[in-house]
Structures are given as C-alpha cells and as structure tokens.
Amino acid sequence: MFSKQDHIFMSRALQLAERGLWSTDPNPRVGCVIVNQDSVIGEGWHERAGEAHAEINALQQAGEAARGATAYVTLEPCSHHGRTPPCCDALIESGISEVVIAMQDPNPLVSGEGITRLEKAGIKVRSGLMQDQAASLNPGFISRMQRRRPWVRVKLGVSLDGRTAMRSGESQWITGPEARADVQRLRARSSAILTGSGTVFHDDPSMTVRIEDVGRQPLRVVVDSLLSMPADAKMLHDGHGLLIATTVDEEDERYAELTATGALIHTFPSASGKVNSRDLLVYLAEAHECNEVHVEAGSVLCGILLEQQLVDEIVIYMAPVIMGSNARGMFDMPQLESMAQRMQLKISDIRSVGNDWRITAHPVYQE
C-alpha cells in the first residue's frame, strides 16, 4: 500500500513536524510535504498556535505546482473552523490529487471528517503511514482529545542506588550539566510544569524553561494542599504566572495573601484531605488546554500520581553516585508490601547523557 518513496516523504514530514515541538502548544505538531512527479515542491509545519497550519505553509511554497500533486501530512487535515480556516478546503482548492496521512485526528468528535471531505471532493486518500511515529510526536494532544486529561511525564534525577535527595532534602546537584540541559528540553515541550509544596520549601525553584528563543513558558503548578508555601517563594514574584492547587477554600486568610501576589488558586478537595490529582489534571486539560504535564516533585507527590495510575511516562536521569540508605527514594508508596504488588515498567529507551544515563519507562497498569 505504501512505497519506499511514500516512506521517504512522510519521514520528511515528520522531521518538519518535530520543529514545532516547543512552540505549537496547545495545538499538535504537524508537518506537510507536497510532491509532484517525485519532486518536493512545498514543505511546511505548524509553527505556532494561531498561525497557519502545516498544509497552508506547504501549499504557499508549492504555488500552482500543487495541482495534481500529492500531499504527505502527519495528521488528518482539519475540517472545522478554529483559529484558522479548515485545511481540507485549502487542499481541495489547490487541486491536490492525493493526500497521504500518517494518523487520523484523535478527537473522536471529528476523527475521519477531514478524510471524508477530501474523498467527496474526488481526492484520493491513504492513511496509516508511519502512524506510530506520528503519534509519538503528540502524546499529550492525543491524551487530551481521547482521555480528557494531559499526558503526565515524571522526571527524576537519581543516584545509582535510586535516591533523589538526602534525608535533609538537599538534592542539588545529583546529575551533571548535560542531563540538566536535557531536562530543559523536556520542560520546553510541556504545557505545564508541576511540583509540590515540599519542593518549593527545600529548593525554592523557578521551574522555568531556560532555553533562549523558546518564546513561551509553560504554566507552573504547585500542589499545596494546606496553602503552606512561603509568600516570598520565587515562583510567586518572577512574573511568569502560577497556579496553586489546594484543598483550602477562599475564606482562609492565606488564600487572600497568595492571590495578592498574582497567583491563581483553585481548590480540588478529596476525602483524603489531599489535592484530588485526577480532578486537577482534568482541570488543566479543560481550562488551560494542557497537553503534556511535566512533573518535578518529591517522592510523596510522585508516589500519589503513580499509585493513582496517572503517570504515563517516567524519565530517570541516573548519576554514577551513591547517596546511601538514609536518602530519599523516588516514589513513596508504602502500600506496596509484597512482590505480587510490585509495579511493572516497560523501558522504551536508555541512552547516555554526559556522565549520566537517561532511562525512559512507561508504567504497565493492571486492569
């Protein structure tokens, strides 16, 4: 069904889509290549939310040569009016004769509509080429469309014996500069960076992206059940915005004190007295269009998210150091007491980053 040439052109479209890794949020990363008589005549990718989609950029480059050509697109062309007009209409008007799609729109309300519109206009459509590769570029967008919550990625810097901080809370720095730079790239692709009040107490972090020309800062979220974070914390005064997730209502005096700094506070009560993590994630997806949530937190919050089966990906940066048995672990999960209860992980990638190792794993949850 798909030729070697088809794979070559779709591979190029995927490369283009990846250029939007840090900038398209909350939209998906999409690339497009237009080919006529085995020659590329137009290329484009979605560069920024609110601006032209990949197909439009590629069609503008192709011009009149698009008539009778084939378009390779990493995601089903949109068929509805959003911030920009439907890409299907532009493809039809251009005279494109065939569209090859990597994956259908993950939104169940519109999935397949773009394909149907193209086919009704007499355009040949083939879909499913390099679908897995296309999906891997947009795990958060797919999660938000299909599960109504973001993709949750937990990042951990650990010693060889699996420790994330000394008993005192001291943790800077376990890993080397190359690993810390790599973490900045994970932050940059995220919609939100989530941490707990304990991390704020011990490290007073900024939780910002420190890469030049990123153009946007993810929403920062602090889980603070009792509104106990200090009023002079960096995140409250650096002008980048902050959401505090709590169980405390508006009548508490701390509520007024923290909102006076410009912080947004939202209440997520639960029977346990802790922030309802699931409700928080749904809120981030619905109210803030968050696709990917990047977690840098202590073992308690990480343990809660994992125990509630809300973690989709774990990225561990392991340094060649030993921190000892008194140091803190990765996940505080005291409910696991037997080997039968242990949680399985599927490792998808292991690679060196400077003097450290980066391990990417995905929890295998029991039904």
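The expected span of a helix is 1.5 Å times one less than its number of residues. Keep that in mind for the first view; this is a predicted model throughout.

View 1. With 12 residues, helix α7 (residues 177-188) reaches 17 Å from its first C-alpha to its last, close to the 16 Å expected at 1.5 Å a residue. Arg 180 has its charged end over the ring of Trp 173, 4.6 Å from the ring's centre.

**View 2. Thr 208 and its surroundings.** Look for Thr 208 in the loop between α8 (197-203) and β8. Thr 208 has 8% relative accessibility, so it counts as buried. Leaving out residues up to four places away in sequence, Thr 208 touches Gln 184, Arg 187, Gln 217, Arg 220, Asp 238 and His 240.

**View 3. The nine-stranded sheet.** Read across, this open sheet goes β10-β9-β8-β7-β11-β6-β12-β14-β13, with mixed pairing. β10 (264-267) and β13 (344-353) are the edge strands, each pairing on one side only. From one strand to the next, the twist averages 25 degrees. Zoom in on β7 (residues 192-196) and β8 (residues 219-223), and you find parallel pairing over five bridges. Within that pair, Thr 195 stands opposite Val 222 of β8.

View 4. Helix α10 (residues 277-288) lies across β6 (151-158), β7, β8, β9 (243-246), β10 and β11 (292-295), and it runs at about 155 degrees to β8. Helix α11 (residues 299-307) also packs on the sheet, where it touches β6, β7, β8, β11 and β14 (356-364). The direction of α11 makes about 115 degrees with that of β7.

**View 5. The aromatic pairs.** The count comes to two aromatic pairs. In one, the ring centres of Phe 9 and Tyr 72 are 5.4 Å apart and the planes stand at 45 degrees, so the pair is tilted. Phe 9 sits in helix α1 (residues 4-18) and Tyr 72 in strand β3 (residues 70-75), so this pair ties together parts that are 63 residues apart in sequence. Phe 9 and Tyr 72 are both buried. In the other pair, Phe 268 and Tyr 283 have ring centres 5.4 Å apart and planes at 65 degrees, so they are edge-to-face. Phe 268 comes from the loop between β10 and α10 and Tyr 283 from helix α10, 15 residues apart. Phe 268 and Tyr 283 are buried as well.

View 6. β3 pairs with β4 (residues 98-103) in the parallel sense over five bridges, and Ala 71 stands opposite Val 99 in β4.

Technical notes
Residues are numbered from 1 along each chain as its sequence is written. This is a predicted model: local features need pLDDT of at least 70, side-chain atom pairs count only at pLDDT 80 or more; totals for chains, interfaces and linings use all residues. Side-chain values use heavy atoms; hydrogens and water are left out. Two strands pair if DSSP finds at least two bridges between them. Helices (H or I, at least four residues) and strands (E, at least two) are DSSP runs, numbered from the N terminus. Axes are lines fitted to C-alpha atoms, for helices over the stretch in contact, and angles run from 0 to 180 degrees between N-to-C directions. Contact means heavy atoms within 4.5 Å. Rings of Phe, Tyr and Trp (its six-membered ring) pair if their centres lie within 6.5 Å; planes under 30 degrees apart count as stacked, over 60 as edge-to-face and the rest as tilted. Buried means under 20% relative accessible area, exposed over 50%, partly exposed in between (1.4 Å probe, protein chains only). A charge sits over a ring if NZ of Lys or CZ of Arg is within 6 Å of the ring centre and within 35 degrees of the ring normal.
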